[in-house]
Amino acid sequence: MSKKYVGIDIGGTNLKAGVVDETGTLLSAAKTPLQFTTPEAFVETLAGLSRQAAEAAGIGAEEICAVGMGVPGEVDTEHGTILYTCNIPLADLPVGALFRRYLDVPVYLENDANCAALAEYWAGAGKGCHSLIVVTLGTGVGAGIVLGGKLLRGINGTAGEAGHMVVEPDGVPCRCGRRGCWEQYASANALKRITREAMERCPDSALWVHCAGKLEQISGRSAFQVARECGDETAQAVCRSYVRYLALGVVNLINLFQPDVLCIGGGVSNEADEALLHPLQRIVQQERFGHDPRRTAKVVKAELGNDAGLIGAALLGRMETK
Ligand code: BGC
């Protein structure tokens, strides 16, 4: 019988857990909105979600071989500790040890975008390729870099923190302490901010109707939806600006690493190809270094979609316990 692993994706908006088999197939998933009260309650929620996912996959908790967690920040893989995250109040949390009070299984930690990169490399858009970069567009912007089959971790495991490359000197303040980070222009949260600012400038935009006159109703999808459904000029300008900034960072990454494949994942990547992927590919083609079309990075959507982080987290357990 195939071994089963639980993957946990700690997101800025939702917590997700899923059971994955040895082939990287997701068998079940459970999710709940992130509500941060105390570290203990947080870890208890993670354990509860894992049990829920196991039940939904029709297995008992004792059949879980290992649990892997994707963390939106810096981790100490050796001690199973979350060291720092800039978008959730988690610091110096020995999550592995706390988790084992509820479920006694081996627990492994890795950065969330690194998990997504592992998943896409083994079971998604990067299967069979030499090098791959995954860029995740969610609450924050993350990147995972696999070169020659190995995850690039750097001296402290934080290699690939592409969301904190500055793309606008003296730009929007970032929670990491810098200003003008890519994350402030290319994340789902950034998309909401750019949409809000555009609405404030343009009281006639159809975006106001879409949001029933309330700025709090703006979501990361509003601009793309209104641009598509109403052809609204303000919404279209928001989408153009968003894709422009997204491309800026993507071209920088391609020029640095020249991977075989760069894939875009996270919630924003669910937008229609005509609105997101295709304009991104056009800008990348114009601006990247290396003009031989036979030897340039393919820019694609994450094949595992928004589940890549979850699947990759589960794969950590498989890699470590095999
Ligand atoms: C964090 C990264 C993370 C990314 C996506 C960024 O703010 O610094 O570690 O991968 O968000 O969650």
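A pocket is here an open set of points on a 1 Å grid over the protein atoms alone, with protein on both sides within 12 Å along at least five of seven lines. The model shown in these views is predicted.

**View 1. The largest pocket and its centre.** The largest pocket holds about 1,100 Å³ of space. Its lining counts 48 residues, of which Gly 12, Leu 137, Gly 138, Thr 139 and Gly 140 are the closest to the centre. Sorted by class, the lining of the largest pocket comprises 25 polar, 13 nonpolar and 10 charged residues.

**View 2. Secondary structure around the largest pocket.** Several strands each supply at least two residues of the lining of the largest pocket: S2 (14–21), S5 (73–76), S6 (81–85), S9 (131–137) and S10 (141–147). At least two residues each also come from the helices H3 (112–123), H5 (188–201) and H10 (308–321).

**View 3. The ligand in the largest pocket.** The space that the ligand takes is the largest pocket. Around the ligand stand 13 residues, and those that come nearest are Asn 111, Asp 112, Glu 161, His 164 and Glu 183. H3 and S10 each contribute at least two residues to the shell around the ligand. That shell has 6 polar, 4 nonpolar and 3 charged residues.

View 4. A polar side-chain atom of Asn 111 is 2.8 Å from an oxygen atom of the ligand. For Asn 87, an N or O atom of the side chain lies 3.2 Å from a ligand oxygen atom.

View 5. The volume of the second largest pocket is about 260 Å³. It is lined by 15 residues; Glu 110, Arg 153, Leu 316, Met 319 and Glu 320 are the closest to its centre. By class, the lining of the second largest pocket has 8 nonpolar, 5 charged and 2 polar residues.

**View 6. Secondary structure around the second largest pocket.** Strand S8 (107–111) gives the most to the lining of the second largest pocket, with 4 residues. H3, H10 and strand S11 (150–151) also supply at least two residues each. H3 and H10 are likewise among the elements that supply at least two residues each to the lining of the largest pocket.

Terms used. Residues numbered from 1 in each chain as written. Predicted model: local features only at pLDDT ≥ 70, side-chain atom pairs only at ≥ 80, totals over all residues. Heavy atoms only, no water. 1 Å grid on protein atoms, 1.4 Å probe; cavity = no way out; pocket = protein on both sides within 12 Å on 5 of 7 lines; lining within 4 Å. Points joined across faces, edges and corners; volume = space filled by probe spheres on them. Nonpolar A, V, L, I, M, F, W, Y, C, P; charged D, E, K, R; others polar. Near = heavy atom within 4 Å. Polar contact = N/O pair within 3.5 Å; in protein donor to acceptor, adjacent residues only side chain to side chain. Sits in = over half its atoms within 2 Å of the grid points.
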